[in-house]
Amino acid sequence: MTDLQTAIREKFQAASRILIASHVRPDGDAIGSLLALGLALQDSGKTVQMVLADGVPATFRHLPGSDQIVHRSEGAFDLAVTVDCSDLKRVGSALDGYGSPDIVIDHHVTTEPFGILNLVEPEAVATASVLIRYMPAWGLVITPPIAASLMTGLVTDTLGFRTSNITSEALRQAADLLDLGVDMSALYFRSLVRRTFAAARYWGAGLSSLEQANGIVSVTMTLADRKSAGYTGNDDADLINVVSSIDANEVAIIFVEQNAEHVKVSWRGLKPEIDVARIAKQFGGGGHRAAAGAEVRGGLDEVRERVLRITRRALNDM
Ligand code: 5GP
Ligand code: MN
């Protein structure tokens, strides 16, 4: 076992009250990794508080333990851990009052080592994959409910095992989870396929703004779209996956208006030579080569114009 794995195991063993947090606008890997680590530490006798500043979206409320996830931490802790977060800003208010986490577990190429111990493996397809690698070394057991959370992380971050970073290791890990009795088909359907009627209406509003120019296909989702569709999340309802499937482009972008001063921007690179994490970093965000995001300050029209212009310029240099 490496020094880092030994140090992490010792931190877990020594702690009795553990705080675990993941990122705002949580996706399947954020929630799956949070629950997997949280439930496994509970099984080993620890008191665990699991925190997501934005709570659990309806798409993931079927996961065992998701009802324990709170919006804000409360009380005192011996140890704070973040999963699937590439910087402290991504945690939002979930760690307010705690400062830097003791342990950072992540798989983003843009991650800054903002914790005391930093386990960051950018070639892993998901943070869930990093957990599957090391939980046994930390003395943590993958039970069937934990396996369901880990499978959700693998399935969602790889869009059902079809992203360009897929590895034989990830497929072997999924096979091991199947052997534990996980219903992969049901988890896949719930997290990647099934959508609420409100989400579909929100997609419709977004798709009516579809534009294609200079190799960039983009969609703009306004607060008014969200409201009239009755969609309660503050994300794109995964419309980016639909927009990325449109042929003959280099990059897909979605602009999601958050308020008068902020726009959430998502980029997807549609060709192997394109690195959108580099573009997102220019806007204070991050992510992976093929999928990245940022929360950009400014009004919707101004942010759109600036992001499209700078993205086009960055593409010319790649
Ligand atoms: P999405 O566009 O679906 O929100 O995220 C795509 C990828 O970029 C994910 O890996 C996500 O963690 C990362 N990402 C999205 N938004 C941000 C952000 O504001 N900051 C950072 N550092 N990463 C982000
Ligand atoms: Mn992830």
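**View 1. The shell around ligand 1, sorted by residue class.** In this predicted model, three nonpolar, eight polar and five charged residues make up the shell of ligand 1. The ligand is surrounded by 16 residues. Ser86, His108, Lys264, Ser266 and Arg268 are the closest. Strands β9, β10 and β11 each contribute at least two residues to this shell. β11 gives the most, with five residues.

View 2. An N or O atom in the side chain of Lys264 lies 2.5 Å from an oxygen atom of the ligand. For the side chain of Ser266, the distance from an N or O atom to a ligand oxygen is 2.6 Å. Ser86 faces a nitrogen atom of ligand 1 instead, with a side-chain N or O atom at 2.9 Å. Taken alone, the ligand exposes 490 Å². The protein buries 86% of that area.

**View 3. The six-stranded sheet.** The strand order is β6-β7-β8-β9-β11-β10. This sheet is open, and its pairing is mixed. β6 (211-213) and β10 (286-287) are the edge strands; each has a single partner, so one side of each is left without a neighbour in the sheet. Within the sheet, β9 (residues 262-269) pairs with β11 (residues 291-297). Their pairing is antiparallel and runs over seven bridges. Trp267 has Ala292 of β11 as its bridge partner.

**View 4. Helices across the six-stranded sheet.** Helix α7 (residues 197-207) lies across β7 (216-221) and β8 (251-259). Its direction is at about 125 degrees to β7. Helix α11 (residues 300-316) lies across β6, β7, β8, β9 and β11. α11 runs at about 155 degrees to β8.

**View 5. The five-stranded sheet.** Here the order is β2-β1-β3-β4-β5, in an open sheet with parallel pairing. The edges are β2 (47-51) and β5 (117-120); each has a single partner strand, so one side of each is left without a neighbour in the sheet. From one strand to the next, the twist averages 15 degrees. β4 (residues 103-106) and β5 pair in the parallel sense over four bridges. Ile103 stands opposite Leu117 of β5.

**View 6. Helices on the five-stranded sheet.** Helix α1 (residues 3-14) lies across β1 (17-21), β3 (79-83), β4 and β5. α1 runs at about 120 degrees to β5. Helix α2 (residues 28-43) also packs on the sheet, where it touches β1, β2, β3 and β4. The direction of α2 makes about 170 degrees with that of β2.

Key. Residues numbered from 1 in each chain as written. Chains lettered and ligands numbered in written order. Predicted model: local features only at pLDDT ≥ 70, side-chain atom pairs only at ≥ 80, totals over all residues. Heavy atoms only, no water. Pairing = 2+ DSSP bridges. Contact = heavy atoms within 4.5 Å. Axes fitted to C-alpha atoms, helices over the stretch in contact; angles between N-to-C directions. Near = heavy atom within 4 Å. Polar contact = N/O pair within 3.5 Å; in protein donor to acceptor, adjacent residues only side chain to side chain. Areas by Shrake-Rupley, 256 points an atom, 1.4 Å probe, with all protein chains shown as cover. Nonpolar A, V, L, I, M, F, W, Y, C, P; charged D, E, K, R; others polar.
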